[in-house]
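This briefing covers helix packing, sheet pairing and a few contacts. Please look over the structure below before reading on.

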Amino acid sequence: MSTKYETTVDATVWTATKDDAEEIMRLWNGYAETLADYDERFRIEEGGREKWRTYFTTSLVESSRGDILPAEDDGGEVVGALEARVVGGHSVFNFGKHGQVYGHYVHEAYRDADVGRALLKAAEDWSREREMGSWRIGVLHAVAESAVYEPFGMRPMEAVYEKEL
């Protein structure tokens, strides 16, 4: 069953179902191109799109551990999405279950229309519904992340550095 989330913009955000696969795949292709522009290793390999579709329909839809939250404009076009997951507790540190967001993406033409903020609000609501103590999002440093996430009340928690070998 799909849940709809309240927004303050002309966009509807909901939990995706298998029926949403085609529209989300179209949007995901744009997200993948953005990633590949950042780092060539994100280029989708042969068969990758079908692998993602299978992952979407078997592991993310109607899962107790995660959901895809798409956003559509008032014309019914899917213009943004993110993946929200429940991440388990930590065996050493005092981290209980928390929400983790991946793949926060909004079509370029809608980035100034607050669709991204509507998705973040939905992810926060999604995490609250599951009684998470907190939620996190991972972002690429090529994006001006502080301008997007800090006004939403989020703060940087960790950074990942990489060295190619």
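In this predicted model, helix H1 passes helix H2 in a right-handed crossing. Residues 21–38 make up H1 and residues 48–60 make up H2. The model also has an open sheet formed by six strands.

**Helix packing**

- Two packed helices are described by the angle between their axes and the distance between the axes.
- For H1 and H2 the packing angle is about 135°, and the axes are 11 Å apart.
- On the H1 side, the contact is made by Ala21, Glu22, Ile24, Met25, Trp28 and Asn29.
- On the H2 side, the contact is made by Gly48, Arg49, Trp52, Arg53, Phe56 and Thr57.
- Sorted by class, six residues in the contact of H1 with H2 are nonpolar, three are polar and three are charged.

**Aromatic pairs**

- The structure holds four aromatic pairs.
- One of them is formed by Trp28 and Trp52, and this pair is stacked.
- A pair of aromatic rings is described by the distance of the centres and the angle of the planes.
- For Trp28 and Trp52 these values are 5.1 Å centre to centre and 20° between the planes.
- The pair links distant parts of the chain, with Trp28 in helix H1 and Trp52 in helix H2, 24 residues apart.
- Trp28 and Trp52 are also among the residues that make the contact of H1 with H2.

**The sheet**

- The strand order is E1-E2-E3-E4-E5-E6, and the pairing is mixed.
- Strand E1 (4–5) and strand E6 (135–137) are the edge strands, each pairing on one side only.
- E1 pairs with strand E2 (residues 11–14) in the antiparallel sense, over two bridges.
- Tyr5 has Val13, in E2, as its bridge partner.
- H2 packs on the sheet, where it touches strand E3 (66–73) and strand E4 (78–87).
- The direction of H2 makes about 110° with that of E3.

**Around Thr17**

- Thr17 lies in the loop between E2 and H1.
- Leaving aside neighbours within four places in sequence, Thr17 is in contact with Ser2, Phe56 and Val61.
- Of these, Phe56 is also one of the H2 residues in the contact with H1.
- Thr17 and Leu60 are 43 residues apart along the chain, and their C-alpha atoms are separated by 8.9 Å.

Conventions:
Residues numbered from 1 in each chain as written. Predicted model: local features only at pLDDT ≥ 70, side-chain atom pairs only at ≥ 80, totals over all residues. Heavy atoms only, no water. Axes fitted to C-alpha atoms, helices over the stretch in contact; angles between N-to-C directions. Helix = DSSP H or I, 4+ residues; strand = E, 2+ residues; numbered from the N terminus. Left-handed = near helix turned anticlockwise from the far one by under 90°. Contact = heavy atoms within 4.5 Å. Nonpolar A, V, L, I, M, F, W, Y, C, P; charged D, E, K, R; others polar. Pairing = 2+ DSSP bridges. Phe/Tyr/Trp six-rings, centres within 6.5 Å; stacked < 30°, edge-to-face > 60°.
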